[in-house]
Amino acid sequence: MALTIGDTAPDFEAETSAGKISFHDWIGDSWAVLFSHPRDFTPVCTTELGYMALINGEFEKRGVKPIAISVDPLDNHEKWFDDIEETQGARPTFPLISDTDFNVAKLYGMLPADVEGDPTERTPAQNATLRNVFVIGPDKKIKLLLVYPMTTGRNFDEVLRVVDSLQLTAKHAVATPAQWKQGEDVIIAGSVNNEAAKEKYPDGWKEPKPYIRIVPAP
């Protein structure tokens with residue numbers, strides 16, 4: 001079965017550009033964003049890692065740890081980081097997993113179970129399915145799963161927006177409407193009945209329909 005929202009993110013041990021990690025221990029009490037790349041030295045991924053390096057502080061402010069994955073060996077990672085810094089103006093400081101045995105890619109359903117061999121002999125096209133984004137909560141559950149084609153750069157501002165929504169929901173039992181941005185009105189979650197909502201929001205709420213209860217963001 002493919003992984004989906006609500007599943008426990010598979011735990012693993014792996015070598016990374018920041019040393020060996022045990023994934024669940026590395027997450028700890030934080031949130032995490034795991035995003036995958038078909039190979040090192042690919043053009044779209046170079047821009048993505050560079051942009052994530054530039055906005056990493058925004059994730060840190062939210063208690064979120066980014067971590068990337070590629071099948072290339074560690075020495076390639078360091079050379080790629082040099083290229084990223086030169087062309088994108090920022091060097092990643094978050095870990096980049098070296099998944100040379102395809103273990104993590106298989107655990108997360110991004111490559112078939114029968115893939116084997118030398119990862120440097122595989123082309124990016126053969127690894128085209130390593131284009132996922134997983135947002136993982138402190139409970140180690142998958143909160144968001146996005147899959148992108150190789151030719152479309154990922155929107156990490158959108159990932160930040162989703163993190164803001166997820167964290168608000170986790171703390172205040174609200175949902176966020178289409179196009180929502182931090183600070184805008186929210187929707188009282190359907191799991192909160194009117195009696196409980198009156199205690200939480202004594203000034204009431206806007207109700208264009210009984211199932212749409214709109215309040216200012218907590």
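Q: How many residues has the largest nonpolar core, and which have the most contacts inside it?
A: A nonpolar core is a set of buried Ala, Val, Leu, Ile, Met, Phe, Trp, Tyr and Cys residues joined through side-chain atoms within 4.5 Å; buried means under 20% relative accessible area (1.4 Å probe, protein chains only). In this predicted model, local features need pLDDT of at least 70 and side-chain atom pairs count only at pLDDT 80 or more, while totals for chains, interfaces and linings use all residues. Residues are numbered from 1 along each chain as its sequence is written, and side-chain values use heavy atoms, with hydrogens and water left out. The largest core has 27 residues, and Val 33, Phe 35, Leu 49, Phe 59, Phe 94, Val 135 and Val 159 have the most contacts inside it. At least two core residues come from each of strand E3 (31-36), helix H2 (43-61), strand E4 (64-70), helix H3 (74-88), E6 and H5. Helices (H or I, at least four residues) and strands (E, at least two) are DSSP runs, numbered from the N terminus. A second, separate core of 25 residues includes Ala 9, Phe 102, Val 104 and Met 110.

Q: Is Asn 132 buried or exposed?
A: Asn 132 lies in strand E6 (residues 132-136) and is buried, at a relative accessible area of 7%. Contact means heavy atoms within 4.5 Å. Not counting residues up to four places away in sequence, Asn 132 touches residues including Phe 35, Met 110, Leu 146 and Arg 154.

Q: Where do the buried residues of H3 fall, seen down its axis?
A: An α-helix has 3.6 residues a turn, so residues three or four places apart point the same way. In H3, Asn 76, His 77, Trp 80, Phe 81 and Ile 84 are buried. They fall within an arc of 145° (taken from the directions from the helix axis to the C-beta atoms), so they line one face of the helix. Their cover includes H2, E4 and strand E5 (96-98). After H3 comes Gly 89, with a positive phi near 85°.

Q: What span should helix H5 have?
A: The expected span is 1.5 Å times one less than the number of residues. For the 17 residues of H5 (residues 156-172) this gives 24 Å, and the end C-alpha atoms are 24 Å apart, which agrees. At the start of H5, a side-chain oxygen of Asn 155 comes to within 3.0 Å of the backbone nitrogen of Asp 157. Ala 173 follows H5 and has a positive phi, near 55°.

Conventions:
A polar contact is a pair of N or O atoms within 3.5 Å; within protein, one must be able to donate a hydrogen and the other to accept it, and residues adjacent in sequence count only if both atoms are side-chain atoms. Buried means under 20% relative accessible area, exposed over 50%, partly exposed in between (1.4 Å probe, protein chains only).
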